[in-house]
Amino acid sequence: MSLTVLTSAYRLRTLCRLQRIQGHMMSSQVDSGVLLEKVGCAGVITLNRPKALNALNMPMVQHIYPQLKKWESDNETDIVIIRGAGGKAFCAGGDIRAVTEAGKVGAPLAEDFFREEYTLNHAIGTCRKPYIALIGGITMGGGVGLSVHGRFRVATEKTLFAMPETAIGLFPDVGGGYFLPRLQGQLGLFLALTGFRLKGRDVQRAGVATHFVESEKIPELEKELVDLKSPSAEDVSRVLDSYQNQSALGADKPFVLEQHMSDIDRLFSSSSVEGIVQNLKADGSEFANTQAKTLSRMSPTSLKITYRQLQAGAALSLQDVLVMEYRLSQACMRGSDFYEGVRSVLIDKDQNPKWNPSTLEEVSEESVEQCFSSLGEKDLTF
């Protein structure tokens with residue numbers, strides 16, 4: 001057999017081995033629910049569980065975090081783009097069912113998921129490279145954590161934002177205690193307690209998104225971003241501004257909460273959740289009555305934790321907020337409302353949770369205080 005034939009055979013075997021390795025890597029990424037690619041100047045993260053509305057699970061977190069850190073220190077990677085596959089959702093939230101099942105039996109996932117998710121949230125918030133989240137479609141809970149702490153967040157007319165955690169006995173985590181109290185007036189507290197949904201351009205008007213671009217322009221925007229040569233944050237900002245200026249859809253309609261902003265500031269300014277409820281009932285307007293009815297359906301414990309979380313978070317760094325929220329997450333795992341909320345909203349879907357305690361007055365200040373207590377060696381650290 002000639003040397004040429006042997007060399008060709010060796011090269012073929014090597015190529016096949018490389019293809020098998022690459023195939024395994026791609027399969028591993030697909031199985032993990034996330035695709036990680038280098039495209040032009042960009043590291044691109046694609047959340048790839050469209051049938052589950054790209055809900056964030058542990059394997060996704062474990063794939064994204066190390067790759068994000070690698071790209072952050074890679075001289076060939078200038079920006080990071082994160083997007084959702086399927087067209088319906090960027091990311092509808094965390095994989096709450098898996099966490100619920102783990103929490104019921106005391107499995108490690110109930111600790112590990114929150115710990116690793118919050119660590120990723122912090123990495124996004126401190127990323128030195130321009131981080132661009134394309135938040136078309138449903139963006140709630142865990143999906144907000146993957147986007148809102150980044151430098152740029154691009155909403156489309158299909159974006160649907162909410163932090164609906166008080167309805168399932170949780171609280172607006174993933175750094176909600178940091179970004180929500182920094183929205184205008186009492187808007188963040190209103191969104192946190194009620195789970196009110198914002199759509200399209202209103203997500204930018206509220207301050208959650210930095211830009212609004214029509215969905216049909218997103219592929220063109222992506223291409224222009226990845227083709228940039230050694231872009232700075234200012235270069236990225238100019239491109240995003242340019243596409244926003246070309247997007248007139250919905251510009252003629254006022255912010256959905258515009259006529260209620262002064263009411264929100266007035267009614268949600270109180271030293272307690274009970275005070276807010278009293279304000280709403282005393283006001284008697286249609287808007288106030290609707291919010292009072294909404295709050296009456298939420299977990300009383302969650303409402304009180306959330307109120308305190310945002311009050312504290314207004315003066316804390318993102319890192320310190322996430323440490324606080326990890327303590328709260330574990331308090332919720334120890335309690336009963338989270339499991340009842342998930343049962344009612346996500347499993348049985350009867351929308352009739354039996355909260356314990358069932359009223360705000362029964363939730364003692366002492367029990368709320370305990371939720372914020374240090375976990376000692378189990379505290380989240382960075």
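This is a predicted model: local features need pLDDT of at least 70, side-chain atom pairs count only at pLDDT 80 or more; totals for chains, interfaces and linings use all residues.
View 1. Residues are numbered from 1 along each chain as its sequence is written, and side-chain values use heavy atoms, with hydrogens and water left out. In helix 16 (residues 337-347), the buried residues are D337, F338, Y339, E340, G341, V342 and S344; buried means under 20% relative accessible area, exposed over 50%, and partly exposed in between (1.4 Å probe, protein chains only). K349, which has a positive phi near 55°, follows helix 16.

**View 2. The nonpolar cores.** A nonpolar core is a set of buried Ala, Val, Leu, Ile, Met, Phe, Trp, Tyr and Cys residues joined through side-chain atoms within 4.5 Å. The largest one has 90 residues, and I45, L47, L146, F161, L257, F268 and F338 have the most contacts inside it. Helix 15 gives the most to this core, with 9 residues. A second, separate core of 19 residues includes I132, V213, L225 and Y243.

**View 3. A salt bridge between E111 and K378.** The side chains of these two residues meet in a salt bridge at 3.1 Å, N to O, the term denoting a side-chain nitrogen of Lys or Arg within 4 Å of a carboxyl oxygen of Asp or Glu. Because E111 lies in helix 4 (residues 109-125) and K378 in the segment after helix 17 (365-371), the pair ties together parts that are 267 residues apart in sequence. E111 is partly exposed, with a relative accessible area of 26%, and K378 is also partly exposed, at 46%.

**View 4. A salt bridge between E365 and K304.** The closest N and O atoms of this pair are 3.8 Å apart. Distant parts of the chain are linked here, with E365 in helix 17 and K304 in helix 14, 61 residues apart. E365 is exposed, with a relative accessible area of 57%, whereas K304 counts as buried at 8% relative accessibility.

Key:
Helices (H or I, at least four residues) and strands (E, at least two) are DSSP runs, numbered from the N terminus.
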